[in-house]
Number of protein chains: 4
Amino acid sequence: MEIAEIELKGHIIDSDILNKVFDTIIDLNGDFDVKEFKIGKHKKDPSYARILIMAETKEVLEDILTAVHDLGAVVPEIYDAVWEEAIGDKIVPGGFYTTTNHPTFVRINKQWVAVENIGMDCLIIIEGDRAICKPIDEIKRGDRVLVGRTGIKVVPPPRPREKNPFFGFMTNQVSSERPNLSSAKKIAQEIIKIKKDKGGKITIVGGPAIVHTGASDSLAWMIENGFVDLLLAGNALAVHDIEKNLYGTSLGMDIATGEPTIGGNKNHIYTISEIIKAGSIKNAVEKGILKKGIFYECIVKDIPFILAGSIRDDGPLPDTITDTMVAKKMMREKLKYSDMVIMISTMLHSIAVGNMLPSFVETVIIDINPLAITKLVDRGSAQAVGIVADIGSFLPLLVSELKELTDGRVREG
Amino acid sequence: MEIAEIELKGHIIDSDILNKVFDTIIDLNGDFDVKEFKIGKHKKDPSYARILIMAETKEVLEDILTAVHDLGAVVPEIYDAVWEEAIGDKIVPGGFYTTTNHPTFVRINKQWVAVENIGMDCLIIIEGDRAICKPIDEIKRGDRVLVGRTGIKVVPPPRPREKNPFFGFMTNQVSSERPNLSSAKKIAQEIIKIKKDKGGKITIVGGPAIVHTGASDSLAWMIENGFVDLLLAGNALAVHDIEKNLYGTSLGMDIATGEPTIGGNKNHIYTISEIIKAGSIKNAVEKGILKKGIFYECIVKDIPFILAGSIRDDGPLPDTITDTMVAKKMMREKLKYSDMVIMISTMLHSIAVGNMLPSFVETVIIDINPLAITKLVDRGSAQAVGIVADIGSFLPLLVSELKELTDGRVREG
Amino acid sequence: MEIAEIELKGHIIDSDILNKVFDTIIDLNGDFDVKEFKIGKHKKDPSYARILIMAETKEVLEDILTAVHDLGAVVPEIYDAVWEEAIGDKIVPGGFYTTTNHPTFVRINKQWVAVENIGMDCLIIIEGDRAICKPIDEIKRGDRVLVGRTGIKVVPPPRPREKNPFFGFMTNQVSSERPNLSSAKKIAQEIIKIKKDKGGKITIVGGPAIVHTGASDSLAWMIENGFVDLLLAGNALAVHDIEKNLYGTSLGMDIATGEPTIGGNKNHIYTISEIIKAGSIKNAVEKGILKKGIFYECIVKDIPFILAGSIRDDGPLPDTITDTMVAKKMMREKLKYSDMVIMISTMLHSIAVGNMLPSFVETVIIDINPLAITKLVDRGSAQAVGIVADIGSFLPLLVSELKELTDGRVREG
Amino acid sequence: MEIAEIELKGHIIDSDILNKVFDTIIDLNGDFDVKEFKIGKHKKDPSYARILIMAETKEVLEDILTAVHDLGAVVPEIYDAVWEEAIGDKIVPGGFYTTTNHPTFVRINKQWVAVENIGMDCLIIIEGDRAICKPIDEIKRGDRVLVGRTGIKVVPPPRPREKNPFFGFMTNQVSSERPNLSSAKKIAQEIIKIKKDKGGKITIVGGPAIVHTGASDSLAWMIENGFVDLLLAGNALAVHDIEKNLYGTSLGMDIATGEPTIGGNKNHIYTISEIIKAGSIKNAVEKGILKKGIFYECIVKDIPFILAGSIRDDGPLPDTITDTMVAKKMMREKLKYSDMVIMISTMLHSIAVGNMLPSFVETVIIDINPLAITKLVDRGSAQAVGIVADIGSFLPLLVSELKELTDGRVREG
């Protein structure tokens, strides 16, 4: 019989952590004994538990400790974290530590240090006194990669007892039978709260359906009026947006009427050719070629955007980053400062971005395909609020709520 | 070798009929020879074809003739239609004729008579000089049921060469990437055209998601302002609508906020109990219990509604017809006068109604589930325009287009 | 400040009940103080909590007590339950008690009595020493309907700590990216366990897509081999199944090839006419007209089925119950004895049946439409395991797992 | 009034071309007069039409001619095709000709030359006597790009009158209510026909759901047994397949049981690290590290694969091409030789590949998401047969049909 003792502290009942720890131990064929338990008498008081874990073999015990550690349990040890050098680029040492998307602390030289840039399923490397989270893509030969579990603390966010006007209003359940008008209202309130009250940052991750469904004016309005701080998309969103604003079509379909236009499929190619001729989207705006739309507003308002390449791309535009690992790294870098991410009709980008986000970033995913939302949640972005809606109807609603809440003032600003 | 000669007249190229006749003959292992062919030189002129059909066996020939008959081909014969008596209720004579949903004519006493109340997959019975289309449910012992194919003419609608602002704008393809704002605009235009210009009738077929998604005010507005002539629904739509207007909830969820309310699930049962106590929805309106909403407007504006029962029903309300065959017959009867049918988020009712409609009735189906639309089309309602949208976002858009097109005048009317 | 004291007993951490109680109090704007807390030291020991609830007003306190009561909390009182007479059929007394789908006990004459036939969103009536759960549809004038909350205990099922090979393997999350082969294996194991080990009862709830997708042979096999004890369906499943076995088509489509057949749409009507002529499905089997298929096996194996009418029905068959409330009552009655319910491709019947089931009945829902599964869960059938699959591929897999597990012996049995 | 005369030849009724030409002229506000019309008396005889087109303005006439040209109409001219030089890389001359996905011929030096490598929405360049189709991405400064419409002929494929056992069996309609078993049978027959009878080439385009859903053994079997000639996928399919074969998990989920494994998310990263350490997938096979699975079979059977990078990728593997335009060009090059393409659960790759395929390549798309199939068809891949199915159930069915049709012989081969 192997044994180990762990401690749990904080809002452990509230956050469902105590439950999960018990379940995990039993699921993994271990057993436990609660040695000490103090419940916070009031909702602001933390609780505390000391639990003895028992397992048949050392391997089982290790498995259990790995699992409960990710739930926030600490083994009461006093050792520093342990690392091993990577023997090659993107080659990881055996027993490496994989990150969760929760805030994480590492003990270096007897000090607890917050891990920088935390994201899911990554590794942690130590540089001097700093602990930095990196995806395997960015591990270099000689990096000091954390291994084992000693000297590492994970702090899952407490489930807020206080009503949260944003995340409080929806379960994770992906349903098509919600009043989307009231969802739009609440997202609008949250956007205002983040932007106006807290001075926070909002990122939009968007797919080309924004243009096809006629919702691009809404997104352009949001950028123009200061509700967007970063735009992550692919080549297609930019080409369709610019095509729409140069020729009134999207892949040859007249956006105003929904009807195909004769010869309209040329517009797509002309658009690419025009921007290539101009040199970049920015140049096209400065030369007076592009006069409105999502990317026009980005240029005029100086909002950064990253266009990541994909094998579906035509052209692509000079602004599109065709090397996907370069694009991914840039996205990770820029996303650091986001307080809220709104993902609109793009499974590829949503999943990519979802993997990069820490668990405390508020995430909204809007898609007509419930499976797209489910896939995101499946991949661990459990903090996402999913809204099953068609973008062409929903985004105008969101904008009209934003206008109402800001009382028209944004226009003047 | 068996042979038969058929004739095709009208816009047979335009309507794709010539193609389908050729395909059908070959698909069924027959052969053909075009004996005579005159093409209309101009789009208003009809074309004409005389075609010899050849087949190995009499059975194959019969099969081919059955199939091309439904496409509008006539065997140049001069005989009256033939009937046989039903030997029992709902028992059909062998060789009975099954209807298409196209306008159909029957030769009785040497006169061509239009079949009344045509609908798909039904039978035709002769009563004196009248030919009446009936589903098997309504066949009575002794009814004179048409058999064979002599003396029967089917006239599929020509595909309109002239641009149709309504059906012209969408293919049958069910897509989630259309600009729904422009779809809303076109449906609004078509509604105005039918109601204001032609004095036609519009039927709404609606499911309970109209209330859950927060779209019931929009539908109530349409009824209040004279855009709806008939409402077909189930018990649930009425209970949810009335619950919402009595208590502000739908199945206990607060419609304004999308949040569940404590004890709110009682509201559903209270609603049923209250209406039963009042005696009917009409009584509840007259007693001042029900003061707004979809069914309030129906009562006040004297718009007929049929609530068909289902096994999901609680209560049900006194207005709900629990015998499904009684409900079905009433729906068929009322639907006779519809020029346009708009189906909203209800697979069950949409398929039921779709089967009852002749091919010339304009049909729109709005659902977030693309499979619901596909199923309808699969069952033969090929004239349906399908829109993949969430009702809670789409119906307000439709109403706002209707308001714009009527320039606010409807409010005053 | 209003206060009340509640008690919680049992696996309250395990079952997430403690959490939910805390959350509920705060969500409803109350406050709490934990007076006493004993945690079970071992997984088999129950825990205990005594909690003081505080609220600003009496109304808020009532709301909180209503909510925590449904979570299993008991107010330590010693009074009998209170009832009021219904003043008319389907008319409920104010303050009536609405049921959950959990096992419930009522105190009558100082004795705790288990409520019979528990189901969700119903009422409880007292007849002598018995407490019976009834939907509003079945409340008669003079029935003694429970009101308030005194003398009522709800016992939510513990979340099993021991691994459950059936419900343990899936979260509630509706995903299209699960290995359905392994899901089929586990469902097969659970079926075997229920039927062979426990002598339990399995109910199938099925839609017509079972026939369209070519899966009807699989279901027939399951009936033939003793894996089905009750079949709930609509007219369409029976008509399509019989059409398939009389003519090889389903709504005129050749099931073997997926191709439409000429004149095949007549088969649907002929089928109805033939069964009506025979008098019933049973008669058709006895007269040798119907020789195989789902309903043939039901007749031969004496498995009861209920065909509930809907407005989509043609005919209907003499076996179909056209009055929906009659059908619903029969379904409730028969379902009493089910240990497992498998719902296949029918939103209407699944939701209807889901509402009738107590929380301890194992439920599986298989549908290609993830929204159908979500809707069911939305309506409270949280115990359902949802599988996104096309029936035509999945059911044969399930049968082949059943064959393997029974080692071919079922054939001989 | 502007006029022009066009000719149509071939199976113009059969292929629906005559219809479409008439519709197009009227839709674009032109008018027409049929000058001459000869119908083929027998199904093998071509038909012929000479049609005068009239339009108000030169612009309208140009629009009409552009549109009918793409339908196969020829203006009876005797001039060579006209080109203009591209003034920069990816910069197109005004009035450039955009390709359809149909076989196309260009008149160079009075000779009609077939366009090489035809694909949709591309340009045509002339190199000596050759005409080559290229996407805008590959246009180089100085390339002779075709402009206008003279000297260009498009030949849409005739709709086969003879029953086609493959494409004949399904309409374009995306339905979830088809017998997928019979679809599997027909696809298997078509695969056998292409591989065994014609010595043709089959390409698989696959997404990672193949592994998640447990279908990877089926695909591996198809490769092992010679039914696959090219595999197009992303980094994720390879990583998941290799993870599964090294550790039995897919993203940490145990494929055999569908349950998550503790610490299993490390396997994903270990897999990448292991292959990077080995140098390539091929090296990993040769070193005995990778011993089965999809990519093992590709290496052993020497089947080429292309892994195109995306921003979702972890690692990526050394085999993955991170520059999307490089990957796209390789895919276009390899796809040249495909006779059939089967797309499985990958929207991104399916749309990318769909755009590259000529209209005569048989295409099957299998996805649980009907919208994925619709999107593909929306983007012009109208020749695709769509099957709504879950891969985990469907692919084993397809394999079992292939085994049956080859009578077990493939194993021995």
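Modeller: Quick note before we start: two residues count as in contact if their C-beta atoms, placed from the backbone, lie within 7 Å. Also, this is a predicted model, where local features need pLDDT of at least 70, side-chain atom pairs count only at pLDDT 80 or more, and totals for chains, interfaces and linings use all residues. Residues are numbered from 1 along each chain as its sequence is written, while chains are lettered from A and ligands numbered from 1 in the order in which they are written.

Colleague: OK. How many residues of chain B are in contact with chain A?

Modeller: 27 residues of chain B, and they touch 27 residues of chain A.

Colleague: Which helices of chain B supply at least two residues each to that side?

Modeller: H3 (180–197), H4 (209–212) and H13 (391–405) of chain B. Helices (H or I, at least four residues) and strands (E, at least two) are DSSP runs, numbered from the N terminus. H13(B) gives the largest share, 5 residues.

Colleague: And what's that side of chain B like by class?

Modeller: There are 12 nonpolar, 11 polar and 4 charged residues on the side of chain B that touches chain A. Here Ala, Val, Leu, Ile, Met, Phe, Trp, Tyr, Cys and Pro count as nonpolar, Asp, Glu, Lys and Arg as charged, and the others, Gly among them, as polar.

Colleague: What about chain D on chain A?

Modeller: Chain D goes onto chain A by a turn of 180 degrees and a shift of 0.0 Å along the axis, with an RMSD of 0.1 Å. D:Asp323 is the residue of chain D that comes closest to the rotation axis, its C-alpha at 2.1 Å. The same surface serves both copies here, as 100% of the contact residues of chain D recur in chain A.

Colleague: Switching topic: what's the strand order of the sheet in chain A?

Modeller: E1-E3-E2, an open sheet of 3 strands with antiparallel pairing. Two strands pair if DSSP finds at least two bridges between them. E1 (2–10) and E2 (31–38) of chain A are at the edges with a single partner strand each, so one side of each has no neighbour in the sheet.

Colleague: How many bridges join E1(A) to E3?

Modeller: 9 bridges, with E1(A) and E3 (residues 47–55) of chain A running antiparallel. One facing pair is A:Gly10 and A:Ser47, the latter in E3(A).

Colleague: And the sheet in chain C?

Modeller: That open sheet also has 3 strands in the order E1-E3-E2, paired antiparallel. E2(C) and E3 (residues 47–55) of chain C share 7 bridges, and C:Phe37 stands opposite C:Ala49 in E3(C).

Colleague: Last one: which residues of H6(A) and H9(A) meet?

Modeller: From H6(A), A:Ala238, A:Asp241, A:Ile242 and A:Asn245; from H9(A), A:Ile294, A:Phe295 and A:Tyr296. By class, this contact has 5 nonpolar, 1 polar and 1 charged residues.

Methods
Copies are superposed by least squares on the C-alpha atoms of residues with pLDDT of at least 70 in both.
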